[in-house]
Amino acid sequence: MNILAPLRGSTEVAALLEAGADEFFCGVTPPGWEARFGGTWANRRAPLSAGVADLADFERILASTAGRPVFVTLNAPYYPGGAVEMLAGFGAQLLEMGAAGLIVADTELLLALVSAGHAASIHVS
């Protein structure tokens, strides 16, 4: 059994590791998302209260988890027009940065990520 712990930011990692977390998940909103899609969430983690603030903090998270996996939620149940393309590219970027996998719910996003060669990195929510 693994303990999968949610994260809002890099400052939470040390305490969660000490408490026994084996893996982590977090929501990260793509840069430019709000300007393009307004208040629509990119995942089921509220961006202002439960999401990682930015990619710089996501990088700090990856650097501080002692090699434990970090999964990213891109799991809103549906997206507005044009969002899937943006999220597929962002998901690829997160995987390149070191995310262990992507947690997705929208079928169109799932298929876009599979088409881009990321099938092994997807978890369905």
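Buried means a relative accessible area under 20%, exposed means over 50%, and partly exposed lies in between (1.4 Å probe, protein chains only). Asn43, at 2% relative accessibility, is buried by this criterion. The model is predicted, with local features requiring pLDDT of at least 70 and side-chain atom pairs counted only at pLDDT 80 or more, whereas totals for chains, interfaces and linings use all residues. Residues are numbered from 1 along each chain as its sequence is written, and side-chain values use heavy atoms, with hydrogens and water left out.

1. **Asn43.** This residue is placed in the loop between helix H2 and strand E3 (51-52); helices (H or I, at least four residues) and strands (E, at least two) are DSSP runs numbered from the N terminus. A polar atom of the Asn43 side chain lies 3.4 Å from the backbone oxygen of Thr73. That distance falls under the definition of a polar contact, a pair of N or O atoms within 3.5 Å; within protein, one must be able to donate a hydrogen and the other to accept it, and residues adjacent in sequence count only if both atoms are side-chain atoms. Apart from residues up to four places away in sequence, Asn43 touches Gly27, Val28, Thr73, Leu74, Asn75 and Ala76, where contact means heavy atoms within 4.5 Å.

2. **Arg45.** The loop between H2 and E3 also holds Arg45, which is buried at 16% relative accessibility. With neighbours within four places in sequence set aside, the contacts of Arg45 are Pro6, Leu7, Arg8, Phe25, Cys26, Gly27, Ala50 and Thr73. For one of these, Pro6, the sequence separation from Arg45 is 39 residues and the C-alpha to C-alpha distance is 9.6 Å.

3. **Salt bridges.** How many salt bridges does the structure hold? There are two, a salt bridge being a side-chain nitrogen of Lys or Arg within 4 Å of a carboxyl oxygen of Asp or Glu. One joins the side chains of Arg8 and Glu12 at 2.9 Å, N to O. Glu12 is buried, at 18% relative accessibility, while Arg8 is partly exposed, at 47%. A salt bridge also joins Arg60 and Asp57, at 3.2 Å, N to O. Both Arg60 and Asp57 belong to helix H3 and stand three residues apart, about one turn of the helix. Arg60 is partly exposed at 45% relative accessibility, and Asp57 is buried at 8%.

4. **Packing of H3 and H4.** Helix H3 (residues 55-64) packs against helix H4 (residues 83-97) at an angle of about 35°, the axes being 11 Å apart. Axes here are lines fitted to C-alpha atoms, for helices over the stretch in contact, and angles run from 0 to 180 degrees between N-to-C directions. The crossing of H3 and H4 is right-handed, that is, the near helix is turned clockwise from the far one by less than a right angle. H3 contributes Leu55, Phe58, Glu59 and Leu62 to the contact, and H4 contributes Phe90, Gln93, Leu94 and Met97. By class, the residues of this contact comprise six nonpolar, one polar and one charged.

5. **Thr29.** Thr29 sits in the loop between strand E2 (23-28) and helix H2 (33-37) and is partly exposed at 28% relative accessibility. Neighbours within four places in sequence aside, Thr29 is in contact with Pro47 and Phe90.

6. **Asp106 and helix H5.** Asp106 lies in the loop between strand E5 (101-104) and H5 and is buried at 9% relative accessibility. Asp106 caps the N-terminal end of helix H5 (residues 107-115), with a side-chain oxygen 3.1 Å from the backbone nitrogen of Glu108. A polar atom of the Asp106 side chain also lies 2.8 Å from the backbone nitrogen of Leu109. Beyond four places in sequence, Asp106 is in contact with Ala76, Pro77, Tyr78, Tyr79 and Val84. After H5 comes Gly117, with a positive phi near 90°.

7. **Backbone at Ala66.** Most residues other than glycine have a negative phi. Ala66 has a positive phi, near 55°. Ala66 is located in the loop between H3 and strand E4 (70-74) and is exposed, with a relative accessible area of 59%.

Terms used
Nonpolar A, V, L, I, M, F, W, Y, C, P; charged D, E, K, R; others polar.
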